[in-house]
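Subject: Structure handover

Hello,

Here is the structure you will be working with. Please open it first and keep it beside the notes below.

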Amino acid sequence: MCSDPLLRDVALTIISLLEVRDVCSLGSCCCFWRDLCFSNSVWAHLFRRRWPHADVASLNGSTFAGTEPTQLHPPEGWKALYIESHKTVAHETSSIIHEIYQRAPLSSLEVTNYLGAIKKLSALHLEFEDVRLFLFRPELGVLVNLIGLHYTILYLHVPPEEVLEALMKCQVASRQVRLNWLKVGRWIQGFRLRDENYTRKVSLAELTTSKEGPILAMLNRGAVHEVIRIQISSADPSMK
């Protein structure tokens, strides 16, 4: 263990900037880094950075009842709590993704099922890092990527530029979806015109811009008012 408090503080500052897997790799370098990287304080920071709104007390029963958040110490340690929470989120998210594929076997999804998946994500209280890890993966279909984008922007209120950066890092920003929607025909002089079909192809990157804000807003409303049907499908050749 290092006895120099300044060196220790500098090392902890470096660790605080790293991703979890980098922290684990650094901890395997030597005894000095192992003691720091696997300390409770470091994993408490990593946990709260990933799940800033988590109610740790509820995750661990009544152990922490009446305890200030800064004084919480999970019985098994923060690293164990992080790993267990990660496994839980991975399992629950995987179940939702599996259900999406069941409802969209031909890479096409009705808006009711689309919004249903987003509400299930919201019920899990997923954070932005969870979405990046489990929904922006390049091996998944573009519909899953889109659901993650929608959830982060309209439910988590993550700034669109940060979402775009995450999409680019995950190499899915250029993927495209095709939207088809049906609007009730207008009434003119007592006669109703035919229902109108609209089609739009747009990339995930474009959906993070203010120009395409109305498209996300329409998806968020679903089939209501004058829009009586919305279908979302993959327009990405690599996913067909």
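Is Glu 110 buried, partly exposed or exposed? Glu 110 is partly exposed, with a relative accessible area of 27%.

Two notes on how to read the rest. This is a predicted model, in which local features need pLDDT of at least 70 and side-chain atom pairs count only at pLDDT 80 or more, while totals for chains, interfaces and linings use all residues. Residues are numbered from 1 along each chain as its sequence is written, and side-chain values use heavy atoms, with hydrogens and water left out.

Salt bridges

Side chains of opposite charge can pair when their charged atoms come close. The term salt bridge is used here for a side-chain nitrogen of Lys or Arg within 4 Å of a carboxyl oxygen of Asp or Glu. The structure holds 9 of these salt bridges.

Glu 110 takes part in one of them, with Arg 229, at 2.6 Å from N to O. This pair links distant parts of the chain, since Arg 229 is in strand 6 and Glu 110 in strand 1, 119 residues apart. Helices and strands are DSSP runs numbered from the N terminus (helices are H or I with at least four residues, strands are E with at least two). Arg 229 is partly exposed too, at a relative accessible area of 41%.

A second salt bridge joins Asp 130 and Arg 50, whose closest N and O atoms are 2.8 Å apart. Asp 130 belongs to helix 8 (residues 128-134) and Arg 50 to helix 4 (residues 40-50), so the pair ties together parts that are 80 residues apart in sequence. Asp 130 is buried, with a relative accessible area of 0%, and Arg 50 is also buried, at 5%.

Glu 165 and Lys 169 form a salt bridge as well, with 3.5 Å between the closest N and O atoms. Both residues lie in helix 10 (residues 160-169), 4 residues apart, which is about one turn of the helix. Glu 165 is partly exposed at 42%, whereas Lys 169 is exposed at 62%. Finally, Glu 19, Glu 129 and Arg 132 are linked in a network of salt bridges.

Helix 7

Helix 7 covers residues 111-123, which is 13 residues. From its first C-alpha to its last it reaches 18 Å, close to the 18 Å expected at 1.5 Å a residue; the expected span is 1.5 Å times one less than the number of residues.

Which residues of helix 7 are buried? They are Val 111, Tyr 114, Leu 115, Ala 117, Ile 118 and Leu 121. These residues cover an arc of only 155° around the axis, so they sit on the same side of helix 7. The arc is taken from the directions that run from the helix axis to the C-beta atoms. The face turned away from the buried side carries the exposed residues Thr 112, Lys 119 and Ala 123.

The buried residues of helix 7 pack against several elements, among them helix 6 (78-103), helix 9 (142-155) and strand 6 (227-234). After helix 7 comes His 125, whose phi is positive, near 60°.

The core

A nonpolar core is a set of buried Ala, Val, Leu, Ile, Met, Phe, Trp, Tyr and Cys residues joined through side-chain atoms within 4.5 Å. The largest one has 64 residues, and those with the most contacts inside it are Tyr 114, Leu 149, Leu 207 and Ile 232. Helix 9 gives the most to this core, with 8 residues.

Contact means heavy atoms within 4.5 Å. Leaving aside neighbours within four places in sequence, the contacts of Leu 149 include Phe 136, Val 163, Leu 167, Leu 204 and Leu 207.

Cysteines

How many disulfides does the structure hold? The count is 0, where a disulfide is a pair of cysteine sulfur atoms within 2.5 Å. For Cys 24, the nearest cysteine sulfur is that of Cys 37, 8.0 Å away. Cys 24 is partly exposed, at 31% relative accessibility, and Cys 170 is buried, at 12%.

Regards

Note on methods: Buried means under 20% relative accessible area, exposed over 50%, partly exposed in between (1.4 Å probe, protein chains only).
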